[in-house]
Amino acid sequence: MQSTLVALVEDKPGVLTRVASLFRRRNYNIESLTVGHTENPGVSRMTIVVDSSRTNVEKVAQNLYKLVNVIKVEDVTEQPTVLRDLALIKVQADGGSRRSEIMQLVDTFRARVVDVALDSLMVEVTGTEDKIDGLVDVLRPYGIIEMVRTGRVAMARGKSGNGHK
Amino acid sequence: MKKTGAEIVWAMLEHEGVEVAFGIPGGTIMHTYHPRRHYGVHHVLVRHEQCAAHAADGYARASGKVGVAIATSGPGATNLVTGIATAMMDSSPIVCITGQVSTPVIGTDAFQEVDITGITLPITKHNYLVADVEELAEVIHEAFYIARSGRPGPVLIDIPKDVQQKSTEFEYPDDDVDLPGYHPVGKGDADLVAKAAQLINQAERPVILAGQGVMMSGAMDLLRAFAEKTDTPVAFTLLGKGGFPESHPLALSLMGMHGEVFTNRAIQQADLLLGFGMRFDDRVTGRLDAYAPFAQKIHVDMDAAELNKVVKADVAIHGDLRQVLEQLLPLTLPNEHAMWLERIAEWRAQSHKRDIINRPENGHLVAAHFINEIWEATEGQAVVVTDVGQHQMWAAQYYPTSYPRQFITSGGQGTMGFGLPAAIGAQIARPDKEVWLIAGDGGFQMTMHDLATIVQERLPIRIAISNNHYLGMVRQWQEFFYDKNYEATRLLNPDFVKLAEAYGIPAWRAKNRRQAREAIAAARACNGPALIDFEIANTGDEANVYPMVPAGAALHEMIERPTYVATDYKSLTSHQVEQVPVMDTVLA
């Protein structure tokens, strides 16, 4: 079981270290963690995916609150939420039919080819982890040279913001 | 007005009400020391930075104010670490100021450079590396606010040398702090408080578990009013000692691993436990699945992360204990639990019979004796500071307290070496009080170099060494659980009397109860510090702390105090101390 937490934190030096150190110290199992800017200068947003079968999610939130720089923590697992992951995948494609087969798969997954070389293609895909896993599975037989994934970002649906005024 | 970073440090310490700072100067902090004499903060030069942190901690615990420690970069800063971890575990408000190498050379492995904010990140409530002198005043103001508010704790401020040297336009920051993510809790949720009141009014066998939070929130009077109104007995944690007068008819005793049998029995038989400002530490609960099986649990704590962490509470209230008790009191009905209290009184009488203090005189000195003698001589009014180990448990058992912040001890971290420097801080915080340090011979030797600080500051601390020539608590565990294999626990000690005299501290040795009484009287008659080396029994059941819940056992599965009849004293020699050589006889 996975749970998704969204944390708003002050954009100050060392905040990511503080959060990472907390997870290590309390022996929490974290699947992914992403950080980025928000609509508010001075506030960063973290999306934290926790393996809730091994880690008490409520305790994660309560301990995050103990960090002085953490402003707000919300468990969005049970809320209607848009979850997205982004991947860049470099696949072997040395001409011939393989290249067009890959292009077709990419279309099916609504992904895009963002770089073309003589013997490879770079694919960009956005979506839920399931969707990306699906594309990775069908691309694997062609030979994945390199891959990077951003980890999950999340935002609750509807008008209400998770904002910090 | 323009001020240098160094001057801002002292101006801000003054502004925060700091009277005293403990520290040692060095390369990167000298610049801050330079203008100190123009400001009203007394500096206590200690002999090791660990003692600066412990002394600041002892000062904080005795006074309720924030303690301050200062050290240079590198080894000066790392020497603070044990003291910071100790303060963190026991929620003690201290601010540590460290020098750092100049900002242009940070990260170059410069001389005496260490990443102290990185090192102390998991053991501080918060820490700062000040990159710009413009931030310094605000950072110091925030640091003090964070250290003392909410669940208190240590805060470290690392100040590079060039930041100390640079000047800026200085004004005192506003009282308000800009911390969008930091909001200490106040009242408890009204519905939960009402639910708690309902459980309290229905309870037949309630027990209050009073922790340090009682004193931190200033809830002593309210706790007493609550206990009296609801007729509920009060057990306390090691750090909760002092939150409820132990002479009160509703007072039980220390709970947990070395708590009295009657108290642990009451907890195990209770139908309602009220955890007030405590955290169900493993030393308090014993084996968890057998802990207080009949009891519903109400847990009030200011730190939400403590609720349902160890023990699942039926009602968990996140709030400041004082405010929650204010909410709770009007909702509770006056009650009487005569039958329950009578049952506890019967258990108490059984425990009392086994108490070593009531054994007939047999010529041996045990720690319970001399601690009891100190208690009697000081009429129970001294501030008692302990180190960590057997003597610490004996002090908790045999020096009943009557007022808050009277018993100062390292609980969560169990830091040996804490006692002597913490006593320095406590005596400075409470010049009006007689301060007794009770330390074991092992822990005393971890920080005894700061005897020099005691003399230098003319502090009238009375030092009682509970000397059994062993790392006694480890020895006890070896006896019980490691086949009596006393590996690495026997101590070759210096002559503590001569040692004290080398520092100009008058000292005595006591080997029996009469000598103990006389030495205590002589030590109390001194104007300045005094030391007594109590040579206590170190074999047989007299050498061990009872009662004891072995690790992994349930709270009711205690090893009770042996009855004195069970020991065949005739077979023992007249003096029970196993002879262990003193250092100068070894060298001779």
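Start in chain B of this predicted model by selecting residues 383-386, which form strand β15, together with residues 435-440, which form strand β17, and you will find that the two strands pair in the parallel sense over four bridges. To see one of these bridges, pick out V384(B), whose bridge partner in β17(B) is W436(B).

Now widen the selection to the whole sheet around this pair, an open sheet of six strands in chain B with parallel pairing, where the order reads β16-β15-β17-β18-β20-β19. At the edges stand β16 (407-408) and β19 (507-510) of chain B, and because each has a single partner strand, one side of each is left without a neighbour in the sheet.

Then show both chains and look at where they meet: 11 residues of chain B are in contact with 15 residues of chain A. On the chain B side of this contact, the residues divide into eight nonpolar, two polar and one charged.

Finally, move to chain A and colour domain 1 (2-78) and domain 2 (82-153) separately; the centres of these domains, taken over C-alpha atoms, are separated by 29 Å. The contact between them takes six residues from domain 1 of chain A and five residues from domain 2 of chain A. On the domain 1 side, select β2 (30-37) and β3 (43-51) of chain A, the elements that give two or more residues, with β2(A) providing the largest share, three residues.

Key: Residues are numbered from 1 along each chain as its sequence is written. Chains are lettered from A and ligands numbered from 1 in the order in which they are written. This is a predicted model: local features need pLDDT of at least 70, side-chain atom pairs count only at pLDDT 80 or more; totals for chains, interfaces and linings use all residues. Two strands pair if DSSP finds at least two bridges between them. Two residues are in contact if their C-beta atoms, placed from the backbone, lie within 7 Å. Ala, Val, Leu, Ile, Met, Phe, Trp, Tyr, Cys and Pro count as nonpolar, Asp, Glu, Lys and Arg as charged, and the others, Gly among them, as polar. Domain bounds come from an automatic or database domain assignment.
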